[in-house]
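The following exercises concern side-chain contacts in a protein model. Each task is followed by a solution in steps.

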Amino acid sequence: MTQEKLNELLRDMSLEEKVGQMIQLPAEVLTGGGLVTGPTGTTQLTDEQVGMAGSVLGIKGAEKIRKLQKQQMAKQPHHIPLLFMLDVINGFETIFPIPLALGCTFSPKMAEEACSAAAAEAAADGLHVTFSPMLDLVRDARWGRVMESPGEDPYLNSEMARAMVRGYQGDLRSKDKVAACLKHFAGYGAPEGGRDYDNVELSERTILEDYLPAYEAAVKEGCRLAMTSFNTLNRVPSSGNKWLLRKILREKMGFEGVVISDYSAVEEMVPHGIAADVREAAKLAVEAGVDIDMVSNAYAGHLAELVRSGEVPEKLVDEAVLRILTLKNDLGLFEDPFRAVDPAETEKVLLRADFRQKARETAAASFVLLKNEGILPLGKKLVAWIGPYVDNREIYGAWSFPERPEETVTIKQGVEAKGLPGMSFARGSYVMDKGRATKFGRIPNPSDEQADAWMEEALKLAASSDRVVMCLGEHKDLTGEAGSRTSLGISKGQMELLRKVRQVNPNIVTVLFCGRPLAVKEIAELSKALLVVWMPGTEGGNAIADVLFGDRVPQGKLSMTFPRSLGQVPVYYNHFATGRPNPPHEIHLFRNGYMDEVNAPLYPFGFGLSYTEFAYSEVKLDRRQMAPGERITASVTVTNAGDVSGVETVQLYLRDPSASVVRPVRSLKGFQKVSLAPGESREVSFSIEEPMLRFYDIEMNYVSEPGRFEVYIGGSSDTENGAEFVLV
Ligand code: NOJ
């Protein structure tokens with residue numbers, strides 16, 4: 001449809017019809033099913049309002065969506081097609097590793113391919129929009145939603161943001177693409193105490209410099225939607241925050257797409273305490289620039305009347321509706337409301353062999369080897385595989401709802417597929433302790449007799465094997481939305497199992513499943529090797545077997561810091577120096593830090609081992625001085641000093657040690673992955689340019705300041721391999 005035709009359509013629509021476009025129905029209103037994650041006002045809608053709603057959230061199934069599209073379009077006065085949206089977070093039916101794990105690949109290419117596969121499957125299922133990428137910067141592992149973010153670094157997250165948007169959207173008109181929705185705008189990743197939905201208080205400088213870049217990168221890549229966040233940002237809930245949505249998102253970042261509220265977030269401005277009632281909440285949201293009210297009753301109940309009474313200019317509604325119609329048009333829905341989806345063909349796209357292959361490679365690349373005292377790869381040994389994750393399919397993360405979970409490969413299946421002799425398997429314990437619940441309720445526990453029998457069997461196998469692989473972790477439903485925790489461990493039962501196994505066999509490799517950095521000090525001490533596998537998805541078991549047997553090398557690097565203990569949280573690598581710094585591994589009283597713990601985390605951002613060792617030469621700079629407009633080339637030679645091939649992520653960090661405001665102790669500014677055969681060396685170079693040195697100065701101007709700078713290049717954020725230059 002031409003722009004002129006869209007304008008014409010808009011002019012022809014009644015006020016009620018226009019408001020309808022701005023309402024998103026939850027699946028339950030139309031089908032009585034779907035995931036409900038909070039109160040929804042839309043259950044109070046009249047039949048006429050339901051008939052005019054412009055979009056639906058949370059329905060899957062090509063057949064079902066086609067039927068609903070037909071049914072709802074028939075009710076629309078202008079037969080406008082609806083948008084069907086869903087949380088496709090780390091894959092649709094072929095499940096990829098959770099986004100935090102994707103961050104650990106340090107491979108935007110892999111992230112793009114994962115999102116491209118997810119888009120193809122979701123589009124074949126009839127969907128138009130995914131509520132992804134989630135780009136909230138995360139520094140607090142207590143918050144359950146860290147699993148949905150690429151991690152704690154603005155630069156890495158920005159690279160991932162661009163890649164994910166490209167993967168989902170590509171050419172939006174193509175039938176295997178969906179529109180992406182960046183979220184949660186803004187700052188949702190910094191809730192006080194790590195409590196979900198809690199307030200966020202950040203200085204403007206911190207928001208602009210650390211929290212906004214990844215969202216902005218998605219905008220620049222052409223992301224078509226943005227979702228507001230539940231939280232207050234400096235005391236203003238995002239769905240009513242004009243500064244955030246109009247000044248920053250639209251004016252500063254140039255976002256031209258559709259802004260959708262989070263789930264009931266418009267109505268929630270009443271309990272937040274900035275709207276006296278839902279009517280006022282609707283007014284605040286539309287003024288701030290929220291185009292679609294996700295599942296609350298605010299726009300449905302009050303927007304038309306607010307316009308009629310003159311309190312809200314109709315122009316605001318028209319602008320919002322035009323943006324929504326434009327998105328529908330760009331998706332090709334006016335020409336074909338079904339986007340050529342043929343339900344008979346959908347099955348052929350879901351779980352395609354090439355998607356599964358990518359999922360396997362990506363999962364393996366996301367695993368982070370935190371410790372290895374020469375015990376991995378496993379080699380030809382008698383191996384006992386013990387723990388509740390040995391034969392467990394719930395390894396796809398909190399935001400995946402595969403229709404065919406039986407397609408998920410467990411560790412046991414992955415190991416058996418290798419066809420090696422000497423493998424034995426025992427469950428040992430359950431993931432959750434007796435009486436403990438996840439957010440979706442209690443999980444059945446074994447009887448005491450059963451638990452004892454499991455333990456006995458596990459110890460027997462452990463004692464009679466050369467190696468034990470402990471497959472442990474936190475339950476997926478202790479992570480994700482509403483998954484905040486005040487402890488960062490695994491269940492007592494699993495710890496008891498690990499301690500007892502250790503008494504009969506110290507040759508332990510622990511494979512750890514988690515959706516957040518856990519406090520793993522004791523687990524690491526009890527194990528000779530520790531491999532974090534996050535929630536790896538459909539091909540998890542195969543990927544784990546590949547890595548443990550050395551068919552693939554571990555190459556992941558942490559995209560979020562692992563603390564020594566819960567008390568260190570929030571702990572992140574790009575913090576600020578104080579006037580009384582403590583050496584990271586020492587405790588000195590009356591200096592910055594704790595009296596009972598050092599400041600260094602257990603495993604820092606960027607850290608991850610391989611089966612080989614990489615040696616770095618000193619950092620070479622081609623010049624020691626540069627002016628704006630010039631560049632310095634910083635290089636190192638990386639050598640594979642071991643006897644197996646390996647993949648290293650070479651990381652560039654910069655520091656501005658003296659500026660008009662305090663700068664982070666270091667900031668990631670580049671990374672490159674290199675694959676090296678044993679003995680092979682490669683020179684890796686980074687270009688340093690003046691814009692990379694900019695920040696918000698004391699006057700809030702985005703500038704660089706002349707002076708000395710430090711450069712670090714290495715395989716982790718704590719590398720001391722450095723050099724210096726001067727910006728004149
Ligand atoms: C609430 C979550 O915060 C958001 O991330 C999600 O996209 C919506 N619910 C829709 O499910």
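**Exercise 1.** Characterise the contact between Asp546 and Arg552 in this predicted model.

*Solution.* Step 1: the side chains of Asp546 and Arg552 form a salt bridge, with an N to O distance of 3.0 Å. This lies inside the 4 Å cut-off for such a contact. Step 2: Asp546 has a relative accessibility of 3%, so this residue counts as buried, the limit being under 20%. Step 3: Arg552 is partly exposed, at a relative accessible area of 23%.

**Exercise 2.** Determine which parts of the chain are tied together by the salt bridge of Arg235 and Glu201, and classify the accessibility of each residue.

*Solution.* Step 1: the side chains of Arg235 and Glu201 meet at 3.1 Å, N to O, in a salt bridge. Step 2: Arg235 belongs to the loop between strand S7 (232-233) and strand S8 (236-237), while Glu201 belongs to the loop between strand S5 (179-185) and helix H9 (204-211); the pair therefore ties together parts that are 34 residues apart in sequence. Step 3: Arg235 is exposed, with 63% relative accessibility, and Glu201 is partly exposed, with a relative accessible area of 42%.

**Exercise 3.** Are Asp477 and Lys476 buried or exposed, and how many salt bridges does the structure hold?

*Solution.* Step 1: Asp477 and Lys476 form a salt bridge whose closest N and O atoms are 3.0 Å apart. Step 2: both residues, Asp477 and Lys476, are buried. Step 3: the structure holds 56 salt bridges. Step 4: a network of salt bridges links Glu347, Arg356, Arg404, Glu407 and Glu539.

**Exercise 4.** Classify the ring geometry of Tyr188 and Phe230, and locate both residues in the chain.

*Solution.* Step 1: the structure holds 16 aromatic pairs. Step 2: in the pair of Tyr188 and Phe230, the ring centres are 5.9 Å apart and the planes stand at 70°, so the arrangement is edge-to-face. Step 3: Tyr188 is in the loop between S5 and H9, and Phe230 is in the loop between strand S6 (225-228) and S7, so the pair ties together parts 42 residues apart in sequence. Step 4: Tyr188 is buried at a relative accessible area of 0%, and Phe230 is buried at 5%.

Technical notes:
Residues are numbered from 1 along each chain as its sequence is written. This is a predicted model: local features need pLDDT of at least 70, side-chain atom pairs count only at pLDDT 80 or more; totals for chains, interfaces and linings use all residues. Side-chain values use heavy atoms; hydrogens and water are left out. Helices (H or I, at least four residues) and strands (E, at least two) are DSSP runs, numbered from the N terminus. Buried means under 20% relative accessible area, exposed over 50%, partly exposed in between (1.4 Å probe, protein chains only). Rings of Phe, Tyr and Trp (its six-membered ring) pair if their centres lie within 6.5 Å; planes under 30 degrees apart count as stacked, over 60 as edge-to-face and the rest as tilted.
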